[in-house]
Amino acid sequence: MNRLILVMASRWMRLVLVLFIVLSLQTTVFAQLRPFGVAAQVVLLFVVCVGANYGVSVGALAGLIAGLMYDFVLTTPVGLGSLVLGLAGATAGLLLYFFHNPTWWMRLVAITIASALGEIYFPLAQAMVGLEGWLQLRLIKVTAVVVVVNLVLAPLVLVITRWTLSERRSTT
Amino acid sequence: MAAASTTRRRAIILLALTSIILITLDLQNSSAVSGLRSLFATVFRPIESVARVITRPLENTWHGITNYNSILDENSRLRERVAQQKGATIAAAASVRLSQELLALNGLPTLAGINAVTAQVIGDSPSNFSQTIEINQGSVSGIRVGMPVLNAAGLVGKITKVYADRSVVMLITDPDFALSVKVVNPPRNSTSTTVSLSNPATASPVVPVDSSVAPNAASPTTTTSTTTTTIAGFTPSVTTLPATPTGVSSINIPAADQLAVRETGVIEGRGPSRQPTIRFVDNSLRFGDIQVGVPIVTAGGSRSLAPPDILIGTVARVVERLGSAGPVLEVELVADLSNLSFLRVLLYRPITEKTTP
């Protein structure tokens, strides 16, 4: 019983609950507001911010969980988004791996690069499982818009990810 | 710290392996994965509904800012077009009714005989790499996977996922979309033979169409026309003309080589920024050169997911290929996929999928 309470109170459970909210925003408001016909990817941004804040392994784990949840609302094969977002989270963490105390602008650069790569990973993964046809010139426009939107939203999402995955000490 | 790192690493490996297994199962249409999807949808749907209600003002503001001018322009343009189309619509409706009556008389399937469900678009795809939309009708309304979806203009896509009260529609432009279609090429010569009936009381209602009789052998009451049969399996023998109570009437009997020629192919989506293409069109002599602007309709058939003769679009470009591969046709869709609101799902299932009770 104590173990169950510990799990329920853990930061990973908090992550799942916050991801439900992020996912609901992705499927409603961000699926409708499409600058230049491109949907902003807040789930990707969330995962990349976790990677930039907490490093490779936490980024990868958060990406795998978020991707698995995202997969259930997409029409692509379940598990594909999980691997892609896991890789994107790990990429963000890896970009800051060699910096002991990365500054705010370093994190933003890492988020920019990881967002771009994360958006490119998806059609690549689709092509690998036989869902071809998405690797075309439009990918450049999609990546550019996603990067710009992520860059604008990154300061807010960085704060949210920090709150979500922070370790809380028990008061008792 | 080291223990936490090891646990995390194990969790990553476990999740990655689970993802790979799920991909494999889902690509083989496993019912277990469908069950998981439904379960997740049950949990997630209330949260999404709340988010939709909360964020609707934001969406409306965004659309108001970004689309205001274009909507004003479109509104005035559409008013003008509505005025132009009013007359044409009445004539077209009469033609459609006549066509449906003729098809029904001959026992041929028509779209009017297929039940349909009207649905509203409630969401777009959250991903940039799938061309899908969500509609507010599901299995409760009789919708099943594979059913064709239309708007007022023509075919829009097909149902790919069905839940109790909503469904996911894959649009024609999705690279995974494929459907058997017909390209209706007009005849090479546009001339037709006119048969005149000057005295319907004495005229025989049956006009024999005999290929041995020359066209200039026409009598004042009955005319026979020369016909060269080139359509395999079609032998013109007797044409019945309806007797009309009033004076002179005429009917056009096109010769066999002047009938529209249909050739089948497969339409495939290529993403939102490129027009769909049709491949596997037979490069036969009989079919002739495909002209830009000719209509494309669904082919139908016992295995096709869509009934025949739903309008899809017109040929926008013909890309010739060397050898016997046949041309590739680029298609200008009649339906505007960027602006979908109300759709019609045809509750059609091919004969091969219908189960006997």
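Residues are numbered from 1 along each chain as its sequence is written, and chains are lettered from A in the order in which they are written. Because the model is predicted, local features need pLDDT of at least 70 and side-chain atom pairs count only at pLDDT 80 or more, whereas totals for chains, interfaces and linings use all residues; side-chain values use heavy atoms, with hydrogens and water left out.

Chain A has 8 helices and 0 strands, where helices (H or I, at least four residues) and strands (E, at least two) are DSSP runs numbered from the N terminus. Of the 172 residues in chain A, 58% are buried, that is, under 20% relative accessible area with a 1.4 Å probe and protein chains only. Among contacts (heavy atoms within 4.5 Å) in chain A between residues at least 6 apart in sequence, 71% join residues at least 24 apart. T76(A) lies in the loop between α5 (56–71) and α6 (80–95) of chain A. T76(A) is buried, with a relative accessible area of 5%. Not counting residues up to four places away in sequence, T76(A) touches D71(A), F122(A) and Q126(A), as well as D26(B) and R37(B) of chain B.

In chain B, strands count as paired if DSSP finds at least two bridges between them. Strand β14 (residues 311–319) pairs in the antiparallel sense with β13 (residues 295–298) over 3 bridges, and I296(B) stands opposite G313(B) in β14(B). β14(B) also pairs in the antiparallel sense with β15 (residues 328–333), over 6 bridges. Here R317(B) stands opposite E330(B) in β15(B).

Grid points are joined across faces, edges and corners, and a volume is the space filled by probe spheres set on the points.

The largest pocket holds about 1500 Å³ of space. Its lining has 42 residues, and the closest to its centre are Q32(A), R34(A), D124(B), S338(B) and N339(B). α2(B) gives the largest share of this lining, 11 residues. The pocket lining divides into 11 nonpolar, 22 polar and 9 charged residues, with Ala, Val, Leu, Ile, Met, Phe, Trp, Tyr, Cys and Pro counted as nonpolar, Asp, Glu, Lys and Arg as charged, and the others, Gly among them, as polar.

There are 3 cavities of 30 Å³ or more. The largest cavity has a volume of about 240 Å³. Of its 22 lining residues, V73(A), P126(B), E134(B), R166(B) and V168(B) are the closest to its centre. The largest share of the lining of this cavity, 5 residues, comes from α2(B). By class, the lining of the largest cavity has 8 nonpolar, 6 polar and 8 charged residues.

The second largest cavity has a volume of about 90 Å³. Its lining includes F122(A), Y70(A) and F129(B), and α7(A) supplies the largest share, 3 residues. This lining divides into 7 nonpolar, 4 polar and 1 charged.

Definitions and conventions. 1 Å grid on protein atoms, 1.4 Å probe; cavity = no way out; pocket = protein on both sides within 12 Å on 5 of 7 lines; lining within 4 Å. Buried < 20%, exposed > 50% of the residue type's maximum accessible area, 1.4 Å probe, protein only.
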